[in-house]
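Biologist: Can you walk me through this structure? Keep it simple, please.

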Amino acid sequence: MRKLALSLFLTGFMAFSSHADTLKMQANAPDRYVVVKGDTLWDISGKFLKDPWKWPQIWGMNKEEIQNPHWIYPGDVIVLDRSGANPRLSLLKTGKSDTVKLSPQVHAESEAEQGVPSIPASAVSAFISQPFVMDEGALKDAPRIIGSQDDRMVLGSGDQAYATNGKGDTTNWKILRPGKELKDPDTHETLGYQVEYLGDAHTVTPGDPQKILITRSTEEIQAGDRLKPAEDIYSFRYIPHPPASNIQGRVISIYGGVSEAGQYATVVLNKGSRDNLDVGTVLAVYKKGNIVDKIQLPDSRSGLLMVYRVFDKVSYALVMEIHRPVNLLDTVRNP
């Protein structure tokens with residue numbers, strides 16, 4: 001799977017790199033910009049580019065530099081070089097007089113220590129390590145919470161409870177609750193089931209039942225909720241790039257159960273790794289055109305999404321740019 005993801009990324013990146021003539025600069029692009037705390041690579045590039053998601057191109061990144069990046073920190077000076085055939089950005093490090101070529105890239109963990117993130121880390125930090133989509137019955141045999149010694153109906157952080165025994169030596173758990181079915185609005189195929197993340201727990205006393213301590217809760221926890229072994233921290237790279245193939249998809253869910261999404265909201269798409277999507281894929285979102293005097297008007301572009309977590313049949317994307325709210329069943333396409 002990792003090799004497949006890397007292959008898809010490089011395919012998309014090379015497709016992106018092959019369209020150097022599409023790079024459009026802002027009319028008022030500055031010659032220099034001083035990085036400040038709170039900046040993102042997307043925001044910084046938006047000061048220079050009309051399409052800020054194309055920042056790998058203006059930094060002149062190649063495959064090797066993606067693997068061995070430099071970093072941007074507050075106080076560094078970004079310099080725009082207009083002397084060549086294509087504009088390029090370079091970095092004037094704080095306290096130095098020379099510029100160095102920059103290839104920005106960000107990991108999930110320790111954002112504050114590593115440098116400027118490519119997108120706001122807070123927008124996706126709650127989503128990156130949780131198993132939000134599973135196949136039907138995936139939690140059927142998972143350990144379940146039985147209840148507490150004092151028969152409380154609702155449990156939370158700091159409470160102890162009993163649960164059925166899990167297989168193996170697992171002692172750290174995610175607390176989950178099966179959620180709604182995700183269906184493709186066009187083919188009616190079942191794409192998976194959303195799983196609600198409720199918190200974390202730790203085994204205090206092994207056995208059957210085992211005694212657990214709820215160490216974190218995001219919502220009320222009840223008897224019947226399931227336990228899944230806690231995963232390692234999910235790491236990722238946010239190098240935005242176009243899809244490796246033509247995409248025609250839909251928004252099938254909006255996190256929080258609402259009907260429309262604004263900037264930095266998470267939406268679920270009916271396309272995944274089987275459709276050649278991978279982390280960093282950028283898609284435009286469109287609203288269906290109205291019918292006026294029995295004439296169907298063209299669809300109108302309302303924003304830009306970036307995929308940040310991918311499953312087989314669905315993916316999670318962040319609303320990066322928006323002209324109008326994103327709604328359920330809006331169309332997503334190649335940007």
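Modeller: We will go through some contacts, some backbone details and a surface patch. Keep in mind that this is a predicted model.

Biologist: Let's start with charges. How many salt bridges does the structure hold?

Modeller: Twelve. Side chains of opposite charge can pair when their charged atoms come close.

Biologist: Take Arg-177. What does Arg-177 form a salt bridge with?

Modeller: Its partner is Asp-225. The closest N and O atoms are 2.8 Å apart.

Biologist: Now Glu-189. How far apart are the closest N and O atoms of Arg-274 and Glu-189?

Modeller: They are 2.8 Å apart, and the two residues form a salt bridge. Arg-274 sits in the loop between β14 (266-269) and β15 (282-287), and Glu-189 in the loop between β8 and β9, so the pair ties together parts that are 85 residues apart in sequence.

Biologist: What does Lys-313 form a salt bridge with?

Modeller: With Glu-189. Here the closest N and O atoms are 3.5 Å apart. Lys-313 is in the loop between β18 (300-310) and β19 (315-322), so its pairing with Glu-189 ties together parts that are 124 residues apart in sequence.

Biologist: Which residues are linked with Arg-152 in a network of salt bridges?

Modeller: Asp-150 and Asp-159.

Biologist: New topic: rings. How many aromatic pairs are there?

Modeller: The structure holds one. The pair is Phe-311 with Tyr-316. Their ring centres are 5.9 Å apart. Their planes are at 65 degrees, so the pair is edge-to-face.

Biologist: Are Phe-311 and Tyr-316 buried or exposed?

Modeller: Phe-311 counts as buried, at 14% relative accessibility. Tyr-316 counts as buried as well, at 3%.

Biologist: What lies over the face of Tyr-286?

Modeller: Arg-333 does, at 4.3 Å from the ring centre.

Biologist: OK, backbone. What about the peptide bond from Asp-208 to Pro-209?

Modeller: That bond is cis, with omega near 15 degrees. Most peptide bonds are trans. Pro-209 lies in the loop between β9 (190-205) and β10.

Biologist: And Gln-210, where is that?

Modeller: Gln-210 is in strand β10, residues 210-217. At 2% relative accessibility, Gln-210 counts as buried. Its side chain reaches the backbone oxygen of Thr-164 at 3.0 Å.

Biologist: What is phi for Asp-151?

Modeller: Phi is about 60 degrees, a positive value, although Asp-151 is not a glycine. Most residues other than glycine have a negative phi. Asp-151 is in the loop between β6 (145-147) and β7 (160-163). Asp-151 is exposed, with a relative accessible area of 65%.

Biologist: And what is phi for Leu-329?

Modeller: Near 75 degrees, which is positive, and Leu-329 is a residue other than glycine. Leu-329 lies in the loop between β20 (326-327) and β21 (331-333). Leu-329 counts as partly exposed, at 47% relative accessibility.

Biologist: How far apart are Ala-244 and Asp-278?

Modeller: In sequence, 34 residues. In space, 8.9 Å, C-alpha to C-alpha. Ala-244 is in the loop between β11 (226-229) and β12 (248-254). At 28% relative accessibility, Ala-244 counts as partly exposed.

Biologist: Last one, the surface. Which residues form a nonpolar patch there?

Modeller: Val-292, Ile-295 and Leu-297. Together they have about 240 Å² of accessible area. Ile-295 is in strand β17, residues 295-296.

Technical notes. Residues are numbered from 1 along each chain as its sequence is written. This is a predicted model: local features need pLDDT of at least 70, side-chain atom pairs count only at pLDDT 80 or more; totals for chains, interfaces and linings use all residues. Side-chain values use heavy atoms; hydrogens and water are left out. Patches are made of residues with over 30% relative accessible area and no salt bridge: like charges are joined within 9 Å, nonpolar side chains (Val, Leu, Ile, Met, Phe, Trp, Tyr) within 5 Å. Accessible areas come from the Shrake-Rupley method with a 1.4 Å probe; for residues, only the protein chains shown count as cover. A salt bridge is a side-chain nitrogen of Lys or Arg within 4 Å of a carboxyl oxygen of Asp or Glu. Helices (H or I, at least four residues) and strands (E, at least two) are DSSP runs, numbered from the N terminus. Rings of Phe, Tyr and Trp (its six-membered ring) pair if their centres lie within 6.5 Å; planes under 30 degrees apart count as stacked, over 60 as edge-to-face and the rest as tilted. Buried means under 20% relative accessible area, exposed over 50%, partly exposed in between (1.4 Å probe, protein chains only). A charge sits over a ring if NZ of Lys or CZ of Arg is within 6 Å of the ring centre and within 35 degrees of the ring normal. A polar contact is a pair of N or O atoms within 3.5 Å; within protein, one must be able to donate a hydrogen and the other to accept it, and residues adjacent in sequence count only if both atoms are side-chain atoms.
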